[in-house]
Amino acid sequence: MTMPRHADATVKATTRRTAQKKDVIQHLTDDHKNVKKLFKQYSKLAEKDDIEGKTAIANQICLELTVHTRVEEEIFYPAARAAIHDDDLLNEAVVEHSSAKSLIGQIQSMNPADPMYDAKMTVLSEYIDHHVEEEEKEMFPKVKKAKVDLEELEVELSKRKGQLMAEVVNTEGGIDIKKLKAAVQQSMPKH
């Protein structure tokens, strides 16, 4: 029995969509790669003493990390905590987020021409590298093994991330600095 031509096309399209479905770990890993690229761009601009350029990239980094840490804490970490029962690993991740958020708050309150601005961005980059390595090598494999519904978490995380990003975008589609500073302030550790 041969399939009608349109049925064959439907099967291929469905297979393609299924193959393209992203899970939450892929999403978070993509976020990590994106921020790593932004830190490299920042370094190049800082070497050239391009204040305007590095400020724009620093603001993008701060936005990306603020939203990323928030969706991890609201959506991914609770699911991971329930699935892998490794409180030490997850508690450490939350503390690392807290340190990063503190640095982000400091960076957002500084003059980008201040020599300490670059130093704080460097330390933030190093914190994030360490944090990413632990998530990708320790936490993510454990979550994958625990048979968590990673695609459902991806849907939830993407929706929330979109909401948070929309809160800081201006009418031209760029970052509204006042809204970014408010979002950073709101995400700051309370203890």
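A salt bridge, as I use the term today, is a side-chain nitrogen of Lys or Arg within 4 Å of a carboxyl oxygen of Asp or Glu. Please keep that in mind, and keep in mind too that this is a predicted model.

Let me begin with the chain as a whole. The chain has 7 helices and 0 strands. Read from the N terminus, the order of elements is α-α-α-α-α-α-α. There are 191 residues, and 41% of them count as buried. The accessible surface comes to about 11300 Å², with 54% of that belonging to carbon and sulfur atoms.

One more number for the whole chain. Take the contacts between residues at least 6 apart in sequence: 74% of these join residues at least 24 apart. I will now go through some pairs of that kind.

First, the salt bridges. How many does the structure hold? The structure holds 10.

Start with K101 and E73. Their side chains meet in a salt bridge, with 2.9 Å from N to O. That value is within the 4 Å cut-off, so the pair qualifies. K101 sits in helix α4, residues 87-108, while E73 sits in helix α3, and the two are 28 residues apart, so this pair links distant parts of the chain. Is K101 buried or exposed? K101 counts as buried, because its relative accessibility is 9%, and buried means under 20%.

Next, R160 and E74. The side chains of these two also form a salt bridge, at 2.7 Å from N to O. R160 belongs to helix α6, residues 150-166, and E74 to helix α3; they are 86 residues apart, and again the pair links distant parts of the chain. R160 is buried, with a relative accessible area of 18%. E74 counts as partly exposed at 35% relative accessibility.

D86 is buried, with a relative accessible area of 17%, whereas K142 counts as partly exposed at 38%.

Salt bridges that share partners join R70, E74 and R160 into one network.

H68 lies in helix α3, which covers residues 51-84. H68 is buried, because its relative accessible area is 7% and the limit for buried is under 20%. Which residues touch H68, if we leave aside its neighbours within four places in sequence? They are L28, D31, H32 and E135. For orientation, helix α2 runs over residues 24-47 and helix α5 over residues 115-145.

I51 is also in helix α3. At 30% relative accessibility, I51 counts as partly exposed. Leaving aside neighbours within four places in sequence, I51 is in contact with P112 and A113. Take P112: I51 and P112 are 61 residues apart in sequence, but 6.5 Å apart in space, C-alpha to C-alpha.

V123 gives another such distance. V123 is placed in helix α5 and counts as partly exposed, at 31% relative accessibility. Between V123 and A100 there are 9.1 Å in space, C-alpha to C-alpha, and the two are 23 residues apart in sequence.

Last, the surface. Which residues form a positive patch there? The patch is formed by K33, K37, K40, K44 and K48. Look at K37 as one of them. K37 is in helix α2. K37 is exposed, because its relative accessible area is 58% and exposed means over 50%.

To sum up: the chain has 7 helices and 0 strands, and the structure holds 10 salt bridges.

Technical notes. Residues numbered from 1 in each chain as written. Predicted model: local features only at pLDDT ≥ 70, side-chain atom pairs only at ≥ 80, totals over all residues. Heavy atoms only, no water. Patch = residues over 30% accessible without salt bridge, like charges linked within 9 Å, V, L, I, M, F, W, Y side chains within 5 Å. Areas by Shrake-Rupley, 256 points an atom, 1.4 Å probe, with all protein chains shown as cover. Lys, Arg positive; Asp, Glu negative; His and termini not counted. Charge placed at Lys NZ, Arg CZ, Asp CG, Glu CD. Helix = DSSP H or I, 4+ residues; strand = E, 2+ residues; numbered from the N terminus. Buried < 20%, exposed > 50% of the residue type's maximum accessible area, 1.4 Å probe, protein only. Contact = heavy atoms within 4.5 Å.
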